[in-house]
Amino acid sequence: QVQLVESGGGLVQPGGSLRLSCAASGNWFSISAMGWYRQAPGKQRELVAQITSGGRPNYADSVKGRFTISRENAKNTVYLQMNSLKPEDTAVFYCNVLTAFWPWGQGTQVTVSS
């Protein structure tokens, strides 16, 4: 069974940066499109960035130009570089595939506050 472990979150001031990592166990990672999702308090989980197995990215309008998704198939890891962070980016961030989800990891908390 695939396990997902997210890391790299923390408290950052507005305008700051963070780099999230998500390590996946199992043999399916390299052929799977992956996504970064976030869930803010009281809101539904939303997809903010996705990347194909070949490395082509796509972004939600709310993060376009600020976030960069990348992957390293040899390490079964997907990354999310987040720049110019805003208070509204505060959420728990998760990674997963785009459909037929794998079991969700614990997520990593990102708090943007002065």
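This is a predicted model: local features need pLDDT of at least 70, side-chain atom pairs count only at pLDDT 80 or more; totals for chains, interfaces and linings use all residues.
In general, the strands of a sheet pair through backbone hydrogen bonds, in either a parallel or an antiparallel manner.

The pairing of S7 with strand S8 (residues 77-82) is antiparallel and comprises six bridges. Within this part of the sheet, Phe67 stands opposite Met82 in S8.

Because Cys22 belongs to strand S3 (residues 18-24) and Cys95 to strand S9, the pair ties together parts that are 73 residues apart in sequence. Cys22 and Cys95 are both buried.

## Residues with positive phi

Most residues other than glycine have a negative phi. Asn76, although not a glycine, has a positive phi of about 50 degrees. Asn76 is located in the loop between S7 and S8. With a relative accessible area of 18%, Asn76 falls under the 20% limit and is therefore classed as buried.

Ser84 is also not a glycine, and its phi is positive, near 50 degrees. This residue is found in the loop that lies between S8 and strand S9 (91-97). The relative accessibility of Ser84 is 41%, so Ser84 counts as partly exposed.

Gln13 is situated in the loop between strand S2 (10-12) and S3. Its relative accessible area is 56%, which is over the 50% limit, and Gln13 is therefore exposed.

Gln13 and Ser84 are separated by 71 residues in sequence, while their C-alpha atoms are 9.4 Å apart in space. When neighbours within four places in sequence are left aside, Gln13 is in contact with Val112 and Ser113.

## Summary of the loop residues

The accessibility classes of the three loop residues are as follows.

- Asn76, in the loop between S7 and S8, is buried.
- Ser84, in the loop between S8 and strand S9, is partly exposed.
- Gln13, in the loop between strand S2 and S3, is exposed.

Conventions. Residues are numbered from 1 along each chain as its sequence is written. Side-chain values use heavy atoms; hydrogens and water are left out. Two strands pair if DSSP finds at least two bridges between them. Helices (H or I, at least four residues) and strands (E, at least two) are DSSP runs, numbered from the N terminus. Buried means under 20% relative accessible area, exposed over 50%, partly exposed in between (1.4 Å probe, protein chains only). Contact means heavy atoms within 4.5 Å.
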